[in-house]
Every structure is written in structure tokens, then in C-alpha cells.
Amino acid sequence: MNAATTQPGSPPSDERQPLSRERILRAAIDLADAGGIEALTMRRLGQALGVEAMSLYNHVANKDDILVGMLELVHQEMLLPNAADGWKESLRASAISSHEVLMRHRWAASLRMSTARMSAAHLRWMDAVLRCLREGGFSVDMTHHAFHALESHIVGFTLWLANMPALGDELIDLARAFLENFPVADYPYFVEHARYHMQPKDPDEPSEFEFGLDLILDGLERLRDGGDPLLLPLQERWMNE
């Protein structure tokens, strides 16, 4: 069997694009975007490309190689920060971009956490964030903690949001019906919070992701500048490293 083998219902071989590693990875991303990472099998991938599954191994080593390659392409979509544009503004734009990319590919955040191999694009993103912090005036120790605070917010918040059910009209109606028989007097603030979730959102209001991101960046700025007495013990410890 080879790449010229035609699957039932696939286009004639002279009308198909040549099989390549990037074409395989793009098709794998499309399958995962549509049905989750569990929808990705070598058989389904071959069918999507109109070839026998064995033909894929002429371009990729195995499924793990495909997964790493998929993450490489996903990380290439993320905006890299540049301290020359202002460390805070640049990191904010990069974090929002990274969150939006991971939300477009909802399988990618969990795969990123579970895959031992790291793609070159992921390393470039990490190095760019660390460089932005160091060139923005943070010590090595402060940069370490700042990086993990930012990455945890990007990946952790995205994982939480990607696994939350979308609040469509049907789900909102179910939630309202549930709250009608809920002991509101026992849990008044939970009910208040739930009802707020169901309200139409102002398009100009920062998202929950941006709200948390700005808290992190503002706190890092105060730590770096030493202007917040509440954060002074941390600032003194890190700036003396």
C-alpha cells in the first residue's frame, strides 16, 4: 500500500494534493478541533486524507510524532512578546493571543500538559516570555515566579473554560428552572453569582481571563517597582537575589 491508494469516496489521485507531513498535521488538527483529541486515530486520519493509514508512516514516525507536530503548529499561531514594545503591554497581548489560540484548539491545553516532548515553537514562546520579563527589569528569581504565574493563568484558565459547557439558551433555561427550586436563602451569594453568569455581557467589559491577567501583570509591576508596601517583603527578597 502507498499514498496513491484511493479510499472509497476519495477524489482521483491526480486531483489530490501530494501527501506531506504538514498536510497530515493540518488534517489531524482539523479532526481534533471537530471531535476532540480522542477522535484522532491513524485510520480516521488516513480516511480524511484519502489514503491508507500505512501511507502516513512515510511522513510521520508514529502517533506521538503527530501529536508533537500538532502542538508545534498550534504554538506557531501564538503571538510572541517583545520587551521593546513595553514588557507589560507585550506580555498582555501575547497571553491573550495564547489563550485565544488554545480556545480555538480546545484539546491543545490538556495535550500540552500531558506530552513529555516539547516542540520548538513552544520553546520559542517560553524563551520570548522569559526574555521579555528579564529585559523588562525583573530579576532571575522574580522572572521565575512571574513566568509560572502567567503560564498557569493561560493554561489553567483555558483548561477550566474549555471544559465548561457553553451557556446557550437551552442551558440557561435549565439553570433558571433549577434555581426556581433551589434554597436561595441558604446559598444567596452562590445564586447571585449563578444569575450573573446568565446575564448578557457588555462587549466592552474585560473577559474573566483578561481580569485575572491584569491582576497578575499589575501585581508584577508593583513588585518590580517596589511601590506597594503590602508586597514589600517579596520585593525585597527577590530584588536582593
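**Core and ring packing**

Modeller: Both Trp-125 and Phe-147 are buried, that is, under 20% relative accessible area with a 1.4 Å probe and protein chains only, where exposed is over 50% and partly exposed lies in between. The model is predicted, so local features need pLDDT of at least 70 and side-chain atom pairs pLDDT 80 or more, while totals for chains, interfaces and linings use all residues. Residues are numbered from 1 along each chain as its sequence is written, and side-chain values use heavy atoms, without hydrogens and water.

Biologist: Which kind of aromatic pair do Trp-125 and Phe-147 form?

Modeller: Rings of Phe, Tyr and Trp (its six-membered ring) pair if their centres lie within 6.5 Å; planes under 30 degrees apart are stacked, over 60 edge-to-face and the rest tilted. Here the centres are 6.1 Å apart and the planes at 55°, and the pair is tilted.

Biologist: Which residue lies over the face of Trp-125?

Modeller: The criterion is NZ of Lys or CZ of Arg within 6 Å of the ring centre and within 35 degrees of the ring normal. At 5.0 Å from the ring centre, the residue is Arg-112.

Biologist: Why is the pair of Phe-182 and Tyr-187 tilted?

Modeller: The ring centres of Phe-182 and Tyr-187 are 5.6 Å apart. The pair is tilted because the planes are at 45°.

Biologist: What is the relative accessible area of Tyr-187?

Modeller: Ring pairs link Tyr-187 into a cluster with Phe-178, Phe-182 and Phe-190. Tyr-187 is partly exposed, and its relative accessible area is 46%.
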